[in-house]
Amino acid sequence: MSFQVKEIKTKPYDGQKPGTSGLRKRVKVFQQEHYTENFVQAIFDAVDLKGKTLVIGGDGRYFSPETVQTILKIGSANGVAKFIIGKDGILSTPAASNIIRKYKADGGILLTASHNPGGPNADFGIKYNVSNGGPAPEGVTNKIFEKTKSISSYKVIELPPVDLSKKGFSTYGPSNVEIVDSVSDYLQLLESIFDFPLIKSFLQSHADSFKVLFDGMHGVTGPYGRAIFVEALGLPESSVQNAQPLPDFGGGHPDPNLTYAHELVERVEREGIHFGAASDGDGDRNMIYGKGAFVTPSDSVAIIADWAAEAIPYFKKGGIKGLARSMPTSAQIDKVAKKKGLECHVVPTGWKFFGNLMDAGRLSICGEESFGTGSDHIREKDGVWAIVAWLNILAYANKQSPNQLVGIKELLEKHYAVYGRSFFSRYDYEEVSAVGAQSLVDAINVHISTGSLARTSHVSKSTGQKFTVADVSNFDYTDPIDGSVSRNQGQIITFDDGSRVVFRLSGTGSQGATVRMYVERYVPAEAGPAELNKDTQEGLKGLIEVALQISNLPEFLGRDKPTVIT
Ligand code: G6P
Ligand code: ZN
């Protein structure tokens with residue numbers, strides 16, 4: 001049978017350049033006539049998917065169901081042979097990455113704006129992933145952007161919408177369609193990685209002394225959380241909250257950090273819960289938080305890397321090929337790599353930079369300060385993976401220490417006692433004026449080119465600590481596998497004592513500019529527990545003061561306080 005392919009005339013829209021993680025804009029922007037269609041056609045123009053298999057899924061946010069149908073119309077008119085779609089259009093980002101890899105699909109379109117709020121007045125996003133299951137590299141996203149600039153028409157096959165709520169096989173015009181369960185392949189994957197029997201027996205034998213709470217934040221991970229924590233690990237129903245995915249995330253900001261996951265933080269503190277964890281809108285971020293113990297993501301990945309080869313079957317079997325972090329992430333993991341004799345790569349912000357290293361067999365475990373942690377089991381960061389990794393490690397550590405309960409706090413303290421501690425915090429100045437943000441960047445660039453800050457000393461008024469500038473630089477990265485170069489990925493001020501401050505503009509905002517300031521100070525193990533186990537903000541107070549002074553950030557941005565501190 002032949003199906004009529006229609007050509008619809010259109011005009012280019014400005015600004016369809018994919019950012020750190022795809023094209024993210026307000027829903028209202030995507031709802032403009034031909035806007036979404038243009039971008040989707042640009043993907044098919046940039047990447048030839050004729051006769052190929054394409055995965056579609058997302059975090060279920062507002063405007064997702066209609067966009068799935070748009071992709072079907074345009075994709076089938078552009079010759080896609082098969083679509084694999086998550087039931088109801090839902091796949092967490094890690095689950096989508098897994099499905100692309102497992103079913104050897106040629107790519108995937110993910111409908112998500114990650115942790116940004118959803119709903120008619122909030123954000124939507126479209127992201128293209130390639131056949132290794134990871135986000136498209138810049139070469140591909142630039143090509144998509146180029147296509148959006150000259151588009152004059154898009155192709156469609158107009159047919160009644162596909163019912164996304166029924167699993168199984170059907171067709172859309174000339175294309176085959178398979179609707180798959182959103183959770184089962186992912187659950188299988190995690191069961192093949194972690195020691196589920198060990199975790200289950202630990203949780204069962206500590207049902208009263210070790211309580212667990214998982215918060216889905218009304219994002220996509222609720223059903224995954226329930227399948228894993230309640231059904232597979234036997235925890236009570238009360239150990240998951242906000243587990244129903246909602247198109248507007250219940251009006252919340254589905255970002256697992258101390259500010260936005262406050263509901264989890266409050267319950268953990270009030271009820272004395274030992275292990276709390278949350279994931280973001282599309283399920284790739286995570287936060288680990290136990291009573292009185294917040295795990296900064298930089299420490300989280302270091303601790304997972306430290307224990308993995310011993311405690312986690314996947315790494316016990318396959319070994320650890322290498323470690324990595326993004327540049328602004330603290331150097332805690334570097335210490336682990338050094339002790340274990342592993343290579344440790346430092347890449348720009350953005351998960352896509354880990355993909356080549358993984359594909360080349362040089363990287364097993366990596367993480368970012370932006371609440372991303374993961375491994376080479378897929379090519380996206382994986383929130384639920386990180387949470388189960390922590391449970392696996394805790395179960396293992398407790399097996400070794402049968403007489404004394406090892407919780408999150410004890411594990412952190414044990415880690416600092418061996419490796420020392422990189423105190424780390426991030427200050428976010430959200431939606432500031434783009435002009436102010438640029439002036440800040442320009443001023444630091446002047447310091448870089450003239451060397452005007454080198455060897456200057458700065459004293460914190462409140463702590464009396466003195467910091468002497470050793471170097472100021474811009475972070476440029478050359479990918480060791482394909483040689484591609486990414487410049488100006490953040491400005492770094494390092495001090496004589498190894499402390500550093502990084503300034504960077506966010507690449508994921510949808511409005512105005514967001515400036516991030518990352519502060520890090522290393523305290524060696526010899527300093528002893530009183531120093532090592534200090535509160536983070538206390539440990540960093542002097543350095544933060546000096547960073548604000550040197551950069552004149554409050555003046556440039558017109559803000560005397562950050563919007564979010566993590
Ligand atoms: C997304 C990417 C992460 C990255 C983060 C940075 O979540 O998947 O890999 O770390 O964005 O966001 P930013 O707003 O700092 O550019
Ligand atoms: Zn996300």
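## A pair of strands

In this predicted model, strand S3, which covers residues 53–58, and strand S5, which covers residues 107–111, pair in the parallel sense over 5 bridges. Within this pairing, Leu54 has Gly107 of S5 as its bridge partner.

Helix H4, made of residues 93–102, packs on the sheet and touches S3, strand S4 (82–90), S5, strand S6 (123–130) and strand S9 (175–180). The direction of H4 makes about 165° with that of S5.

## The sheet as a whole

Strands S3 and S5 belong to an open sheet of 7 strands, whose order is S2-S6-S5-S3-S4-S9-S8 and whose pairing is mixed. At the edges stand strand S2 (23–26) and strand S8 (168–172), each of which pairs on one side only. When direction is ignored, neighbouring strands of this sheet are turned against each other by 20° on average.

## Two packed helices

Another part of the model to look at is the packing of helix H7, residues 196–205, with helix H14, residues 383–400, whose axes are 9 Å apart and meet at an angle of about 65°. An angle of 65 to 115 degrees counts as roughly perpendicular, and H7 and H14 are therefore roughly perpendicular to each other. Their crossing is left-handed.

On the side of H7, the contact is made by Leu198, Ile199 and Phe202, while H14 contributes Leu391, Asn392, Ala395, Tyr396 and Asn398.

Definitions and conventions. Residues numbered from 1 in each chain as written. Chains lettered and ligands numbered in written order. Predicted model: local features only at pLDDT ≥ 70, side-chain atom pairs only at ≥ 80, totals over all residues. Axes fitted to C-alpha atoms, helices over the stretch in contact; angles between N-to-C directions. Helix = DSSP H or I, 4+ residues; strand = E, 2+ residues; numbered from the N terminus. Parallel < 35°, antiparallel > 145°, perpendicular 65-115°, else oblique. Left-handed = near helix turned anticlockwise from the far one by under 90°. Contact = placed C-beta atoms within 7 Å. Pairing = 2+ DSSP bridges.
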